[in-house]
Amino acid sequence: MNAIASIRDVITRNMRQSGILVAFVVIVAIFALLNPMFLSPTNLTNIVLQYTYILILAIGMVMVIVAGQIDLSVGSVVALTGAVSAVVVIKMGMPWWMGVLAALVVGLLVGAWQGFWVAYVGIPGFIVTLAGMLLFRGLTYVVLDNVSLSPFGGTYYGIANGFVNGLLGGYGVDTFTLVIFAIAVVGFGVSQWRTRQGKIAYQQTVESLPLFVVKLVVLAAVVMWFAYQLASSRGLPVVLIILAALTIVYALVTQKSVFGRHVYAIGGNQHAAELSGVKVKKINFWVFVNMGLLASVAGIVYSSRVNGAQPAAGNMFELDAIAACFIGGASTSGGVGRVGGALIGGLIMAVMSNGMQLMGVPTSVQPIVKGLVLLLAVAFDIYNRRRAAALR
Amino acid sequence: MTPRTPLLALRQVSKYFGAVEALVDVDLDVHAHEVVALVGDNGAGKSTLAKVVSGVLSPDSGLVEIEGEQVTIGSPSAANRLGVASVFQDLAVAENLDVTANVFLGQELRSRIGLLHDGEMETETRKLLDHLTVRIPSVRTPLRHLSAGQRQAVAIARTLIGSPRIVVLDEPTAALSVAQTAEVLTHIERLRDLGLGVILISHNLNDVRAVSDRIEVLRHGRNNGSFPASAAHEEILAAITGAS
């Protein structure tokens, strides 16, 4: 197979995944051309700090969507968990980790509550979480007694605003950041190589070796450039470490665990899954518990980022998270979607928000653009599926 | 000479849905190395019987024996443990998952650290498909990219996980083309060659006569005759419709 045919093959075979990656690159390129500040070290650092909570929510949301459900309550849960944490840390004067712990516990309880109604009572997730959206928003007002609480300060503030910097020294460029990213890139390369070797061992088609190497080198170059920008600004953001850890854990859970496999099975054909002995209720329950937990992590990160808790925090976050999943290739009918796709979808939302703000696009226009992008992404998905059906 | 103990025996099994008599005192024997066909008109109770054997429904009265021992089949997973595997009429596969994932769904192999053992499962799946002489290009193909016949083959292959003794096939050829049907019928013959007892439910007398060793007719939920596969078409038809 010559190189061009090989490239074309890779693109058509992974249209759903790579299409979104291409879109991401194009959007970044457009903003970079329109505004030279966009790719500056400071602004890249800002993007990471500002939008991590959407990415964290998207990781949980993609599992909910794959299972064939939806969660409309995550914005309210972000507000509630942040509020609880603020009460514990600011009002009661307890240490920062007590606030974190309290928020996580509340997130788990919220998840268990919604999971119970969805899985064991059989009410659609749409209704349960619509009720939850109102319920937890109201509870946030109760917990905060209708007023904002601030500031957290100290270590808690550092969760979303802190950096790991200067551990290994460096002259204006943080060595530690570069080392961590280099390790990640090498690790990713090795795992890709092993996957490729495994596929060859099973006599499956793989892209040609030069193409494989070029792909990895381009990716490594982009990632290391990004690392260099971070390193020359303020170092490695703490939230980026949290996000990376969550990404690795959830990529494993969704692709390599029995639980993840069953989530996909339920989304694909719930009836078949049930007949095959998949414990559908249990899986649905834990999918919502997991969403509650991740919403509380997002709540902690967000409250730390804004250094306080407001009753109206987290408004519309659910829509950003859901949009991230669908832009990232999740299917509206369930069973299809990946953590990686949702993260890229979230990054597209983040980059668009940040880019438009940077360029001073009026706030009235920003949601219009985002809405159109969501619509196009899902239209593209449906077009792809029709074409796949026609090919059969 | 003592009669061979059947692999599966139903004795006087009845099932009612309210006032509707779905099954009334039905008897059925299935031996190893045997394909028993269940035929009958719509609503004759074929699918109900299949669901009783596969644990989806529990009978209101009567006995179910597996290798001479009385058993209660309370759920599909209980049926699996007893060695009964089923392919249901509405093609119980997940189209978004690949062949391997479908074959092992609900019975995944785990590595020592509890993660999915994909390599092992793929090898096993390829072996199973070879046993059944199923031709599928790659075991990593998602099922939505396969033809209806290939999907049915995957559904049949998944019954072989956990070495079952009895396989229930509810209308496995209903939605298939002629060529695909022929292929599925050879898979069914392979199941018999592997030493399993097969219950084949079908509308299609031609299919049934092609593969089965014995044909049992149900009519209005009751046994209405047992025929060798060589029996005349008209004879079986008469038992199905009740014309005598």
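This is a predicted model: local features need pLDDT of at least 70, side-chain atom pairs count only at pLDDT 80 or more; totals for chains, interfaces and linings use all residues.
Figure 1. Over all chains, 11 aromatic pairs are counted. In the pair formed by A:Phe116 and A:Trp117, the ring centres are 5.3 Å apart and the planes meet at 75°, so the arrangement is edge-to-face. The cut-off that places this pair in the edge-to-face class is a plane angle over 60 degrees.

**Figure 2. The aromatic pair of A:Tyr302 and A:Phe317.** The ring centres of A:Tyr302 and A:Phe317 lie 5.0 Å apart with their planes at 90°, so this pair is edge-to-face. A:Tyr302 belongs to helix 13 (residues 280–305) of chain A and A:Phe317 to helix 14 (residues 317–327) of chain A, so the contact ties together parts that are 15 residues apart in sequence. A:Tyr302 is buried, its relative accessible area being 16%. A:Phe317 also counts as buried, at 7% relative accessibility. Together with A:Tyr53, the residues A:Tyr302 and A:Phe317 form one aromatic cluster.

**Figure 3. Helix 14 of chain A and the residue that follows it.** Helix 14 of chain A is mostly covered, nine of its 11 residues being buried. The buried residues of helix 14 of chain A include A:Phe317, A:Glu318, A:Ala321 and A:Ile322. Also buried in helix 14 of chain A are A:Ala323, A:Ala324, A:Cys325, A:Phe326 and A:Ile327. Just after helix 14 of chain A, A:Gly329 adopts a positive phi of about 95°.

**Figure 4. The second largest pocket, lined by helices of chain A.** The second largest pocket holds about 470 Å³ of space. Its lining comprises 19 residues, and A:Met316, A:Asp320, A:Met349, A:Pro367 and A:Lys370 lie nearest the centre of the pocket. At least two lining residues of the second largest pocket come from each of helix 3 (41–66), helix 14, helix 15 (339–358) and helix 16 (365–391) of chain A. By class, the lining of the second largest pocket consists of 11 nonpolar, six polar and two charged residues.

**Figure 5. A charged side chain over an aromatic face in chain A.** A:Arg196 is placed over the face of A:Phe212. The distance from A:Arg196 to the ring centre of A:Phe212 is 5.1 Å.

**Figure 6. The largest cavity, lined by residues of chains A and B.** Four cavities of 30 Å³ or more are counted. The largest cavity contains about 210 Å³ of space. It is lined by 19 residues, and those nearest its centre are A:Leu275, B:Ala85, B:Ser86, B:Phe88 and B:Arg158. From chain A, helix 12 (270–275) supplies at least two residues of the lining of the largest cavity. From chain B, helix 2 (76–81), strand 6 (84–87) and helix 5 (148–159) each supply at least two. Strand 6 of chain B gives the most to this lining, with four residues. The lining of the largest cavity divides into 12 nonpolar, six polar and one charged residues.

**Figure 7. Strand 9 of chain B between two partner strands.** Strand 9 of chain B is mostly covered, with five of its six residues buried. Four bridges link strand 3 (residues 34–39) of chain B to strand 9 of chain B, and these two strands run parallel. Within that pairing, B:Leu38 stands opposite B:Glu216 in strand 9 of chain B. Strand 9 (residues 214–219) of chain B is also joined by five bridges to strand 10 (residues 222–228) of chain B, and this pairing is antiparallel. B:Glu216 has B:Ser226 as its bridge partner in strand 10 of chain B.

**Figure 8. The hairpin of strands 9 and 10 of chain B.** B:Arg214 stands opposite B:Pro228 in strand 10 of chain B. The hairpin formed by strand 9 of chain B and strand 10 of chain B has two residues between the strands. In this hairpin, B:His220 takes a positive phi near 50°.

Methods: Residues are numbered from 1 along each chain as its sequence is written. Chains are lettered from A and ligands numbered from 1 in the order in which they are written. Side-chain values use heavy atoms; hydrogens and water are left out. On a 1 Å grid over the protein atoms alone, a cavity is a set of points where a 1.4 Å probe fits but cannot get out, and a pocket is an open set with protein on both sides within 12 Å along at least five of seven lines; lining residues have an atom within 4 Å of a point. Grid points are joined across faces, edges and corners, and a volume is the space filled by probe spheres set on the points. Ala, Val, Leu, Ile, Met, Phe, Trp, Tyr, Cys and Pro count as nonpolar, Asp, Glu, Lys and Arg as charged, and the others, Gly among them, as polar. Rings of Phe, Tyr and Trp (its six-membered ring) pair if their centres lie within 6.5 Å; planes under 30 degrees apart count as stacked, over 60 as edge-to-face and the rest as tilted. Buried means under 20% relative accessible area, exposed over 50%, partly exposed in between (1.4 Å probe, protein chains only). A charge sits over a ring if NZ of Lys or CZ of Arg is within 6 Å of the ring centre and within 35 degrees of the ring normal. Two strands pair if DSSP finds at least two bridges between them.
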